[in-house]
Amino acid sequence: MQLPRRALIPLFLAALGWAQFRESGDAALAAQLQLVTAPQMPVRIYLFKDGRPFRLSPVDAMLPLRADLFYRERVWRRAADPSVLEVTCNDQSHFFLLKGKAEFALPAGNYVVEAYRGLFYKPFRTEFRLEAGKSQRIELKMEDWTGGESSQWLSADDHIHLVRAPEDNAIFLSWMDAEDLSVGNFLQLQRQMDAAAQYGFGPKAEAKSAGRSIRSGHESRSEFFGHVNLLGGREMIRPLSLGRVYANGPETFPYPYVLFGMGKKAGALTGFAHFDGSQKHSSLLMDLALGALDFVEVLQFGRLRTEEWYQLLNAGFRVTGVAGSDFPVSLSNVTRQPKWTRWTPLLGPERMLVRRRAGSSAYEAWADAVRQGDGLVTNGPLVTLEVSGERVTAHGRFHRPLSKLEIVANGKVIGAAANGASLSVQAALPAVRPLWVAARASAEADPVGTVELQAHTNPRYVGWNGSAPEPGARQALAEKWEKEIDYYRTAELVFPSPEEKARFFAHCERALQIIRTGRE
């Protein structure tokens, strides 16, 4: 017999209390540690005793994660207003000081504590010794390496899968604060059953705190067309998944182009996840050619998809890049690293930055910037681009040395600088039109891991008229899309009627004409 969830809570609290009792033992033998951030703000922390990871105790809330493709994990609480959250995955514990301070009972010994906060703060590390029966206060000094400029930027992760109920909002917003993340797009999805369920959609279910928003959306997945994201809409559009891999039947309708149209009517941002949907086949090219996309995920799992992005741009398409973690998949993605890099935020390890004020809704301010094609994607550096007349200037900054800063026009480097924590470069715009221009920067792998740190602005368009800066790119895309059409003609696609099937292939041919010629 399966116990109801409410019956498990006392058992969890009893087990947690017993574990903490065993850790702390007699109060006279335990040492008391008070951690306080300066300035006081939520942070993510790690504790080490004698060189090995050591759990902090007590904690007020816990989120044990095991990414099993169904995304059902919930936050457990032992206090109504938690001060400390522990997130566990792959035998690693990540601790969050949700209020910027907390007290712990620990054995005597030699310790190291590390503190992290998003991308704009320098990591902090200090060593100390605790004595039995004594108390010690450790100040975690957090330094904004931008000198306050960070307050001008909103940051967003467009791809988070966490179950959310109204009572979870305060913890999740404080967790985002500890990661210095402004906008969290929490996405419901489906794999035979609903997963990462959201309690509501649109503004009525938007969770807010000062400068931060959580907004519901959904990832709709298909083995035939790829994975797509609909962000921030007023309602969820079903079916969430298509085909037998993700749903419970063979149906392949509504395909993304139809889904995007429905999503836009509900106020959603529409785009492709994992750049092209991460499946063997994808309708990305059709949806791009038909003007259905607001964005494409270009930075995820530590990988920046410049080659594919540049091909779309050089074929004459405007493509706004965003970044997202696919949390909690990112914690278990072995293409990234076997163990999570402590320097890297859990939420928003890759994020999109836009220079906006939050106003009444950080989500709405960020979404407006996405629609306008502004901002940059990054997992570390801050890069800006300015176009004035026939000159372009890029600036790159980070708290560690940048290996390079480059200006790219139609995929070719036209200006570069190297080796410095703050770099600038200017260049003349090429005379050729149409032209897209962007800036990108990179730094060496982060100090406690192997992830390359990089940033890339969204393109600025000069003399843009829809023709291809590189005609060969357009031809290559046309050939690729023709192959997809051939696959769709032989695949077992199930439509609600012959008319809908005919309409799908009419969209395919219309997109092919646009890709080939730039016009219908």
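In this predicted model, R117 has a relative accessibility of 6% and therefore counts as buried, the cut-off being under 20%. Because D177 belongs to helix α2 (residues 169–178) while R117 sits in the loop between β9 (109–116) and β10 (124–130), the pair ties together parts that are 60 residues apart in sequence.

D177 also meets the side chain of R212 in a salt bridge, at 3.1 Å from N to O. Since R212 lies in strand β16 (residues 212–222) and D177 in helix α2, this pair ties together parts that are 35 residues apart in sequence. R212, at 10% relative accessibility, likewise counts as buried.

The structure holds 35 salt bridges, and another of them joins the side chains of E308 and R303, at 3.4 Å from N to O. Here E308 is partly exposed, with a relative accessible area of 22%, and R303 is also partly exposed, at 48%. Elsewhere, R74, R77, E167 and D168 are linked in a network of salt bridges.

In soluble globular proteins, nonpolar side chains tend to be buried together. The largest nonpolar core has 86 residues, of which I45, L140 and W175 touch the most other members, and strand β26 (residues 391–409) gives the most to this core, with seven residues. Leaving aside neighbours within four places in sequence, I45 is in contact with L35, L56, H94, F95, L97, V113, E114, A115 and L140. A second, separate core of 72 residues includes Y255, L259, Y310 and F495.

The largest pocket has a volume of about 550 Å³, and of the 30 residues that line the largest pocket, Q372, G373, D374, G375 and N458 are the closest to its centre. Two or more lining residues come from each of β20 (295–300), β23 (351–355), α9 (362–371), β25 (382–388) and β30 (460–462), with β25 supplying the largest share, three residues. By class, this lining comprises 15 nonpolar, eight polar and seven charged residues.

The second largest pocket, with a volume of about 290 Å³, is lined by 17 residues, of which S150, S151, W153, D180 and S182 are the closest to its centre. Both β12 (153–160) and β23 supply at least two residues of this lining, the largest share, three residues, coming from β12. The lining of the second largest pocket divides into six nonpolar, five polar and six charged residues.

Note on methods. Residues are numbered from 1 along each chain as its sequence is written. This is a predicted model: local features need pLDDT of at least 70, side-chain atom pairs count only at pLDDT 80 or more; totals for chains, interfaces and linings use all residues. Side-chain values use heavy atoms; hydrogens and water are left out. On a 1 Å grid over the protein atoms alone, a cavity is a set of points where a 1.4 Å probe fits but cannot get out, and a pocket is an open set with protein on both sides within 12 Å along at least five of seven lines; lining residues have an atom within 4 Å of a point. Grid points are joined across faces, edges and corners, and a volume is the space filled by probe spheres set on the points. Helices (H or I, at least four residues) and strands (E, at least two) are DSSP runs, numbered from the N terminus. Ala, Val, Leu, Ile, Met, Phe, Trp, Tyr, Cys and Pro count as nonpolar, Asp, Glu, Lys and Arg as charged, and the others, Gly among them, as polar. A nonpolar core is a set of buried Ala, Val, Leu, Ile, Met, Phe, Trp, Tyr and Cys residues joined through side-chain atoms within 4.5 Å. Buried means under 20% relative accessible area, exposed over 50%, partly exposed in between (1.4 Å probe, protein chains only). Contact means heavy atoms within 4.5 Å. A salt bridge is a side-chain nitrogen of Lys or Arg within 4 Å of a carboxyl oxygen of Asp or Glu.
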